[in-house]
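This report goes through selected geometric features of the structure shown below.

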There are 2 protein chains.
Amino acid sequence: MKQYNRDNMADLLRGHGINPTHQRIEIAYALFSRQQHLSAEQIMATVNDRHSETSKATVYNTLKLFLDKNLIREVIVDPSKVFYDPNTQNHHHFYNTASGHLTDIDAAGISILGLPMLPEGVETEGVDIIVRIRPSERPGLV
Amino acid sequence: MKQYNRDNMADLLRGHGINPTHQRIEIAYALFSRQQHLSAEQIMATVNDRHSETSKATVYNTLKLFLDKNLIREVIVDPSKVFYDPNTQNHHHFYNTASGHLTDIDAAGISILGLPMLPEGVETEGVDIIVRIRPSERPGLV
DNA sequence: TTGAGAATTAGACACAGTCCAGATATTGAA
DNA sequence: TTCAATATCTGGACTGTGTCTAATTCTCAA
């Protein structure tokens with residue numbers, strides 16, 4: 001799926017067992033057409049850009065549904081809000097702590113050596129690597 | 001420093017350029033004597049166990065001060081609250097998503113291969129690995 | 001057309017964390 | 001010791017995410 005529009009959004013939702021309603025299509029479109037990490041508040045602002053159509057409760061309900069159906073992922077890097085990520089491929093993140101901007105790091109080609117055994121009775125749900133970055137200090141510069 | 005008590009807490013604080021007040025000593029003691037990851041709320045409850053002595057504002061101010069002086073670290077794994085970690089050595093975490101419990105993973109012996117170059121103009125602030133775990137499903141068990 | 005189940009809604013609520021202005025404690029010079 | 005300057009602490013109002021609920025609206029099969 002190269003180009004995202006509201007029609008193939010409906011197909012995408014159906015493909016994940018989600019009944020495609022107006023609001024759900026708009027929310028999915030906001031995330032997938034941008035391929036960016038957005039907070040719930042940003043999604044609501046985007047979806048209600050022209051005239052308010054979608055309530056806060058629906059935004060949160062819908063995001064929870066999408067998570068449940070593995071259509072999106074959540075990214076927890078900021079203590080004050082969750083980001084939603086339309087990329088469910090295995091990947092990691094750069095997080096710019098100054099700007100709050102997230103960038104994907106493809107997990108293909110990355111390996112982690114030396115992780116200890118898991119404690120008894122648990123299994124891995126996922127492994128996240130977060131590389132926190134900030135603008136360089138440039139000591140020589142006046 | 002093997003055993004933590006309120007006296008060597010004062011020394012620890014001074015060693016990090018922090019003026020050791022009553023409240024600060026109690027908060028540091030709560031974190032260091034347990035060597036655990038506590039939320040602000042848990043810290044406040046611990047410190048005010050017997051009789052209320054320390055206000056919410058002071059708990060938050062103090063934790064921010066400790067972070068600033070590199071006495072503790074924050075761990076961001078739960079969308080609803082921040083955990084504070086008395087271990088500032090380089091290390092990573094297991095996070096049990098069912099219980100909310102955090103366990104340290106020593107970073108010595110762990111290496112990450114294949115991370116891409118940093119974008120221009122930024123430097124690394126830190127690399128966090130979070131292994132999210134959950135109780136095993138045991139399909140055979142009745 | 002109808003009505004039952006699904007989805008959406010406004011707005012009250014919960015709760016972590018912030019902010020502020022006044023109260024209190026500490027310090028050091030005289 | 002005393003005073004004043006500074007540092008710290010405090011209650012309580014406030015903010016911003018996110019949740020909950022009861023009422024409304026939509027959808028679609030019969």
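## Salt bridges between the chains

Glu125(A) has a relative accessibility of 38% and therefore counts as partly exposed, since that class lies between the buried limit of 20% and the exposed limit of 50%. In this predicted model, Glu125(A) forms a salt bridge with Arg134(B), with 3.8 Å between the closest N and O atoms. Glu125(A) is in strand β7 (residues 122-135) of chain A and Arg134(B) in strand β7 (residues 122-135) of chain B, so this pair joins two chains. Arg134(B) is also partly exposed, at 31% relative accessibility.

A second pair is formed by Arg134(A) and Glu123(B), whose side chains meet in a salt bridge with an N to O distance of 3.0 Å. This pair too joins two chains, because Arg134(A) lies in strand β7 of chain A and Glu123(B) in strand β7 of chain B. Both residues count as partly exposed: Glu123(B) has 23% relative accessibility, and Arg134(A) has 30%. Over all chains, a search of the whole structure finds 10 salt bridges.

## A salt bridge within chain B

Arg6(B) and Glu26(B) form a salt bridge through their side chains, at 2.7 Å from N to O. The two residues are 20 residues apart and belong to distant parts of the chain, with Arg6(B) in helix α1 (residues 6-15) of chain B and Glu26(B) in helix α2 (residues 22-34) of chain B. Arg6(B) is partly exposed at 39% relative accessibility, and Glu26(B) is partly exposed at 23%. Elsewhere, Glu123(A), Glu125(A) and Arg134(B) are joined into one network by salt bridges that share partners.

## Relation of the two chains

## Packing of α1 and α2 in chain A

Which helix of chain A packs with helix α1 (residues 6-15), and at what angle? The partner is helix α2 (residues 22-34) of chain A; the angle is about 105° and the axes are 9 Å apart. Angles of 65 to 115 degrees count as roughly perpendicular, and α1(A) and α2(A) are therefore roughly perpendicular to each other.

On the α1(A) side, the contact is made by Arg6(A), Met9(A), Ala10(A), Leu12(A) and Leu13(A). The α2(A) side contributes Arg24(A), Ile25(A), Glu26(A), Ala28(A), Tyr29(A) and Phe32(A). Sorted by class, the contact of α1(A) with α2(A) has eight nonpolar and three charged residues, and no polar ones.

## His37 in chain A

Is His37(A) buried or exposed? His37(A) has a relative accessible area of 12%, and the limit for buried is under 20%, so His37(A) is buried. His37(A) sits in the loop between α2 and β1 (38-39) of chain A.

Leaving out residues up to four places away in sequence, His37(A) touches Gln42(A), Val75(A), Phe83(A), Tyr84(A), Asp85(A), His93(A), Leu102(A) and Asp104(A). Thr58(A) is 21 residues from His37(A) along the chain, and their C-alpha atoms are separated by 19 Å.

Note on methods: Residues numbered from 1 in each chain as written. Chains lettered and ligands numbered in written order. Predicted model: local features only at pLDDT ≥ 70, side-chain atom pairs only at ≥ 80, totals over all residues. Heavy atoms only, no water. Axes fitted to C-alpha atoms, helices over the stretch in contact; angles between N-to-C directions. Helix = DSSP H or I, 4+ residues; strand = E, 2+ residues; numbered from the N terminus. Parallel < 35°, antiparallel > 145°, perpendicular 65-115°, else oblique. Contact = heavy atoms within 4.5 Å. Nonpolar A, V, L, I, M, F, W, Y, C, P; charged D, E, K, R; others polar. Salt bridge = Lys/Arg side-chain N within 4 Å of Asp/Glu carboxyl O. Buried < 20%, exposed > 50% of the residue type's maximum accessible area, 1.4 Å probe, protein only.
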